[in-house]
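Here is a short briefing on a structure with its sheets, its helices and the contact between its chains. Look at the sequence and the 3D view before reading the points.

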Amino acid sequence: MGYSEISIPADGLTTVSDVLEAIDKTRTLTGTVLYAVNMQYAKVTTPVKDGDEVAFFPPVTGGSV
Amino acid sequence: MKIEVSFSALDPWAEIKAYQESRMDLNGKFGATACFVGTMRDFNEGDGVSKMILEHYPGMTEGQLEKLAVTAVERFPVLDLLLIHRVGELLPNDPIVLVAVWSAHRGAAFDACRMVMEELKSNAPFWKKEVLASGSRWVEKNTAG
């Protein structure tokens, strides 16, 4: 989406889904997306509040073999 | 227990030796030590790979690894566990990850070591980018093992 971090006003945002709507109106995020709220795995329905850190990332590909 | 995410070069064998020596309180208590070391290869999916960049989510990655290690120690009778994972730029032949487990008997050591590696592959926030002759690409999926 062109940036790695962004701060947005929390008004009216109650779930991860709302946050996604607010930052990705043109639906540039495609494929499988994972969610985290305050560094814990979350779902689109997970509640969010002012001050939370919400992260969106692709499936993990770590470890080595 | 020691869990670390590091940008510096990893010497897994030196780390195991140093950690074991620092845990003298375990001397005579452990009968088994199981280790896994993952190393970067120079080939993946039919293409030569010259460099790899391993990205992570600072804070969440460490937290997930700690959670994972605690689960292993709770599920199996493990005496101690060492987990070090590289991030940043890696070249072929560089060690990427080390998991070492100490327990009284071999069953727990093997099982805990395996469990940590399998869970790490599916849950820990790391993303690999490979640099090839033709450009670079993000790895889409893990190998089956």
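The model is predicted. Chain A is made up of one helix and three strands, and the three strands form an open antiparallel sheet. Chain B holds an open sheet of four strands with mixed pairing. Between them, chain B and chain A bury about 1700 Å².

**Chain A**

- Read from the N terminus, the elements of chain A follow the pattern α-β-β-β.
- Along the principal axes, a box of roughly 45 × 25 × 20 Å holds the C-alpha atoms of chain A.
- In the sheet of chain A the strands are arranged in the order 2-1-3. The edge positions belong to strand 2 (40-42) and strand 3 (54-57) of chain A, and each of these pairs on one side only. From one strand to the next, the twist averages 35°.
- Strand 1 (residues 34-37) of chain A runs antiparallel to strand 3 of chain A, and four bridges join the two. Within this pairing, Tyr35(A) is found opposite Phe56(A).
- In general, strands of a sheet pair through backbone hydrogen bonds, in either a parallel or an antiparallel way.

**The four-stranded sheet of chain B**

- The order of the strands in this open sheet is 1-5-7-2. Strand 1 (2-6) and strand 2 of chain B each have a single partner strand, so one side of each has no neighbour in the sheet. The twist here averages 5° from one strand to the next.
- Seven bridges link strand 5 (residues 78-86) of chain B to strand 7 of chain B in the antiparallel sense. One of the residues involved is Val78(B), whose bridge partner in strand 7 is Ser103(B).
- Helix 1 (residues 12-22) of chain B lies across strand 1, strand 2, strand 5 and strand 7 of chain B, at about 30° to strand 7. Helix 2 of chain B also packs on the sheet, where it touches strand 1 and strand 5 of chain B. The direction of helix 2 makes about 155° with that of strand 5 of chain B.

**Strand 4 of chain B and its partners**

- Strand 4 (residues 47-56) of chain B pairs with strand 3 (residues 43-44) of chain B over two bridges, in the antiparallel sense. Here the bridge partner of Asn44(B) is Asp47(B).
- Strand 3 and strand 4 of chain B form a hairpin with two residues between the strands. In this hairpin Glu45(B) has a positive phi near 50°.
- Strand 4 of chain B also pairs with strand 8 of chain B, antiparallel and over seven bridges. In that pairing Phe126(B) in strand 8 is the bridge partner of His56(B).
- Met52(B) is placed opposite Leu90(B) of strand 6.

**The contact between chain B and chain A**

- How many residues does each chain bring to the contact? Chain B brings 28 residues and chain A brings 15 residues.
- Of the buried area, 55% is on carbon and sulfur atoms. On the chain B side, Tyr57(B), Met60(B) and Trp127(B) lose the most area to chain A, and together they make up 35% of what that side buries.
- Across this interface there are zero salt bridges, but seven residue pairs are in polar contact.
- Which elements of chain B supply at least two residues each to the side that touches chain A? They are strand 2 (32-39), helix 2, strand 7 (95-103), helix 3 (106-123) and strand 8 (126-132). Helix 3 of chain B gives the most, with five residues.
- By type, the residues on the side of chain B that touches chain A are 13 nonpolar, 10 polar and five charged.
- Helix 2 (residues 60-75) of chain B lies across strand 1, strand 2 and strand 3 of chain A. This helix runs at about 95° to strand 2 of chain A.

Key:
Residues numbered from 1 in each chain as written. Chains lettered and ligands numbered in written order. Predicted model: local features only at pLDDT ≥ 70, side-chain atom pairs only at ≥ 80, totals over all residues. Heavy atoms only, no water. Pairing = 2+ DSSP bridges. Axes fitted to C-alpha atoms, helices over the stretch in contact; angles between N-to-C directions. Contact = heavy atoms within 4.5 Å. Buried area = accessible area lost by both parts, 1.4 Å probe. Salt bridge = Lys/Arg side-chain N within 4 Å of Asp/Glu carboxyl O. Polar contact = N/O pair within 3.5 Å; in protein donor to acceptor, adjacent residues only side chain to side chain. Nonpolar A, V, L, I, M, F, W, Y, C, P; charged D, E, K, R; others polar.
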